[in-house]
Amino acid sequence: MKKLILVKFGKRIRELRRRRELSQKQLGELTGFHYNYVGMIERGERNPSLENIAVFANAFEISLSELFTFEVV
């Protein structure tokens, strides 16, 4: 079973990517990650390292705290 935090984080990445009208491939190019990895993050299938989380925040030009603006219940 997927951990709720990974699913919530993945939904947040997808939300931010779609707001910027980016494909997974385009986000992959911005971050240096393969688009398959981006998709796995969005589906909550991967547990990204803190370093990779910071790369996403930088790509979206937001702070880490803003990246984690979602509810975990």
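## A buried tyrosine and its partner

Y37 counts as buried, at 15% relative accessibility; buried means under 20% relative accessible area, exposed over 50% and partly exposed in between, using a 1.4 Å probe and protein chains only. Keep in mind that this is a predicted model, where local features need pLDDT of at least 70 and side-chain atom pairs count only at pLDDT 80 or more, while totals for chains, interfaces and linings use all residues. Residues are numbered from 1 along each chain as its sequence is written, and side-chain values use heavy atoms, leaving out hydrogens and water.

F33 is buried too, with a relative accessible area of 14%. Now for the rings of F33 and F56: their centres sit 5.3 Å apart and their planes are at 50 degrees, so this pair is tilted. (Rings of Phe, Tyr and Trp, the last by its six-membered ring, pair if their centres lie within 6.5 Å; planes under 30 degrees apart count as stacked, over 60 as edge-to-face and the rest as tilted.) F33 is in the loop between α2 (24-31) and α3 (35-42), and F56 is in helix α4 (residues 50-60), so the pair links distant parts of the chain, 23 residues apart; helices are DSSP runs (H or I, at least four residues), numbered from the N terminus.

In total, the structure holds four aromatic pairs. In the one between F33 and Y37, the ring centres are 5.1 Å apart and the planes at 65 degrees, so it is edge-to-face. Elsewhere, F9, F68 and F70 form one aromatic cluster.

Definitions and conventions
Helix = DSSP H or I, 4+ residues; strand = E, 2+ residues; numbered from the N terminus.
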